[in-house]
Amino acid sequence: MSKTGHFRQKKFLYGLLQDIKKIRSGKKQNLKIMEVCGTHTMTIHRYGLKKLLEDTGIHMLSGPGCPVCITPNAVHEAAINLVTERKNLILTTFGDMTRVPTQKGSIQTAVAPQTSCIKIVYSPEESLELARAFPQKDIVFFGVGFETTIPGIALTIRKASEEDLTNFSVLSAFWLIPPPLKAILNDKDTKIDGFLYPGHVSAIIGESPYLFVAEEHQTAGAIAGFEPADILLGILSVCRQVESRRPKVDNVYSRVVKPGGNRTAQAIMKDMLTVKDAYWRGLGSIRKSGLELKSKYSAFDAEKKYTLNIQASADDLPGCRCGDVLRGKIPPRNCPLFGRKCRPDSPQGPCMVSFEGACLAAYKYNR
Amino acid sequence: MNKISLELGSGGKLMRTFISQVVLKNLSNPYLKGLSDSAHFPDGTALTTDSYVVDPLFFPGGDIGTLSVNGTVNDLIVSGAQPKYLSLALILEEGLDVNILSRIFKSIKKEAAKSSVFITTGDTKVVRKGQCDKVFINTAGIGKIIASPSPQKAKPGDRVIVTGTLGEHSLAVMLARGDFGLESRVKSDCAPLNFLLPLWKSGVLWMRDITRGGLATVLAELAEELAFPLVIDEEKIPLSRGVRGATELLGIDPLYLACEGRAVLLVPENKAPALLRKIQTDPLGKKAEIIGRVEKNTGKPGELLLETLSGGLRLLEPLTSELLPRIC
Amino acid sequence: MCLGIPAKIIDIDEDQHGRVDYLGTKVKTNFSLLENAKPGDWVIVHAGFAIAQLDEEEARETLSLLREIAKES
């Protein structure tokens, strides 16, 4: 059976790298492939694949698929304000969210009043357990995520609604993956030869939402899993598509991703959430790229419950060129903020926020 | 830094800032300057101290009592001193059940006997409910110096040995807290490292117990002191099945998890095989491995590099913030 | 963006809550997003929710493809 160990075997990785090398040998132009998903970025980093791929003439770009990084500063600050300014409030969130530095510090360095606190959770449902156990306290789940994470958070809200847990709400930042891909591709100067599509987002949405990439933009792509062999298989597929000039949506993660995705999860999202225009840190405003709770669930929407009035706009980041870094148009050092106003301890754009963002990596390793 | 946050206590970058901006700015003398785990004095004695706060007090494999003895004992051993005498100071929360305290004392007695140290002086304070969490313990330890660590003698080819599997302590405590809905049979590795003492006479250049910040932090800090880079091999790093499972589920890196009964050693190349065999003869060292080396041709001086399973290289830095479960 | 681990279902209650096992670690999981999940099945778990079932046939095929690639080189 598909134990993860199989997909980490050295001989497979070696064989895949050899095949990629064979296809790329003698090519003058480097191939630019965007891994859309932050977890792909982590695997590439963790197994040291970036350098190995560069040696074969493949340059990996980290895409917009890190919810922590693309969530605007204003939302992070709203979460920090909630727990530092209100009494009897428990802010729950995923560990990822706690390190993002803002002008008000990070969630991790925030100091709450004595009756309030921050609690890190693995599952959003842990917040419901708290809501049941502490009826006199307000529990706010700071829930950020893409299509993979949204259905679970939505189910948690539905459960709270059924149990009438009125002391529970969600500060949400829900993002959709296909719209930013479209935004990136619509920019004429974008230089991306292919995409590595996120395996677990695809497990929910299926293959068809990416078809426009191949059909309208003649750009290659493959849905890939998260073990190193999965990632190299996806890259090999993109190389072959580029070589044959036949772009498509390949699925090399078929053990998990079904062509139609997860219909149950899709139905829950459709039932509880509506599409809205959303502001992405670094990419700007993108039409129909976010989700919010339908009015039926307003009581569980922390933004409404506490009238937070979160305003995210391009004015937040004057001069930031993460969008161009993400699109592969400029290297980090060509951004006017890089290394000056924008540093690891005072990041402005997502590429400096993310652990393995292009700007952070450039700052740390190439200065 | 305006207010102390919990983040400061996780031993990352903030702690370093705190030490240089607050501690060293006010206190400065030749003994403190090195900021090592224990101070060595001209008369042949070594002194160390550590405070223990752990939630829950009892966890599989140990409790706050076992920690408070072994942590201090191990700090002496890895600094090249034979542990002799300990002090024990307690801060107790009003209303604490005395039975809990007797259980902790039983552990203290048992662990002190294992390392042949005496608890020679102490103090007890009681604070109002809510002013501390049940029990806080501080111990200090005096030892007799038997060796001076000399990492500066390291040269290319020298080997890095780790004495056992990583991360059990951190995970056992995390799971005992009942966080994240996880169940596992992982037990804390908390133990005294006395079996390593004789190795100082067999040419060991340097050792450290792998506590806060884990193997990666301890070795990254060592690398900063060396004139050559350090390279460790991912395939050789001993991890138990339970730790692999839980860390992958939570998305945390076991190289940054704390242990309380494991050490990492820097040894000369020609003595490495014999030292490894010696370590493996002790029950606590059964899973010991040679995991890395001082390099010449890869990387830059001061760097700690990990050779990954796929043959790539990854730069390992000291822990910058607390380990938390990730969704990405 | 989305860490997911392939794990084996140990038990499921009528409320679609249960546990999965990964290398000996058991974790609470909600199975409401799946149809017909049953103990013994392999699923991908993300943030406490099972989001997909693993297809054994497809996994075997990918593995044999990898074996071929490894053999050729």
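User: In which hand does α7(A) pass α12(A)?

Analyst: In this predicted model, local features need pLDDT of at least 70 and side-chain atom pairs count only at pLDDT 80 or more, while totals for chains, interfaces and linings use all residues. Residues are numbered from 1 along each chain as its sequence is written, and chains are lettered from A and ligands numbered from 1 in the order in which they are written. A crossing is left-handed if the near helix is turned anticlockwise from the far one by less than a right angle, and right-handed if clockwise. For α7(A) and α12(A), the crossing is left-handed.

User: At what angle do the axes of helix α7 and helix α12 of chain A cross, and which class of angle is that for α7(A) and α12(A)?

Analyst: Helices (H or I, at least four residues) and strands (E, at least two) are DSSP runs, numbered from the N terminus. Axes are lines fitted to C-alpha atoms, for helices over the stretch in contact, and angles run from 0 to 180 degrees between N-to-C directions. The axes of α7 (residues 150-163) and α12 (residues 263-272) of chain A come within 9 Å and cross at roughly 55 degrees. Angles under 35 degrees count as roughly parallel, over 145 as roughly antiparallel, 65 to 115 as roughly perpendicular and the rest as oblique, so α7(A) is to α12(A) oblique.

User: Is B:Ala263 buried or exposed?

Analyst: B:Ala263 lies in strand β12 (residues 263-267) of chain B. It touches, among others, B:Val78, B:Thr163 and B:Leu193, not counting residues up to four places away in sequence; contact requires C-beta atoms, placed from the backbone, within 7 Å. A residue is buried if 20 or more other C-beta atoms lie within 10 Å of its own, exposed if 12 or fewer, and partly exposed in between. Because B:Ala263 has 27 other C-beta atoms within 10 Å, it is buried.

User: Which strands stand at the edges of the open sheet of chain B?

Analyst: The five strands of this sheet run in the order β1-β2-β7-β5-β6, with mixed pairing; two strands pair if DSSP finds at least two bridges between them. Each edge strand has a single partner, so one side of each is left without a neighbour in the sheet. The edge strands are β1 (39-40) and β6 (118-127) of chain B.

User: Which residue of β6(B) is the bridge partner of B:Ala89?

Analyst: Strand β5 (residues 81-93) of chain B pairs with β6(B) in the parallel sense over nine bridges. In β6(B), the partner of B:Ala89 is B:Asp123.

Note on methods: Contact = placed C-beta atoms within 7 Å.
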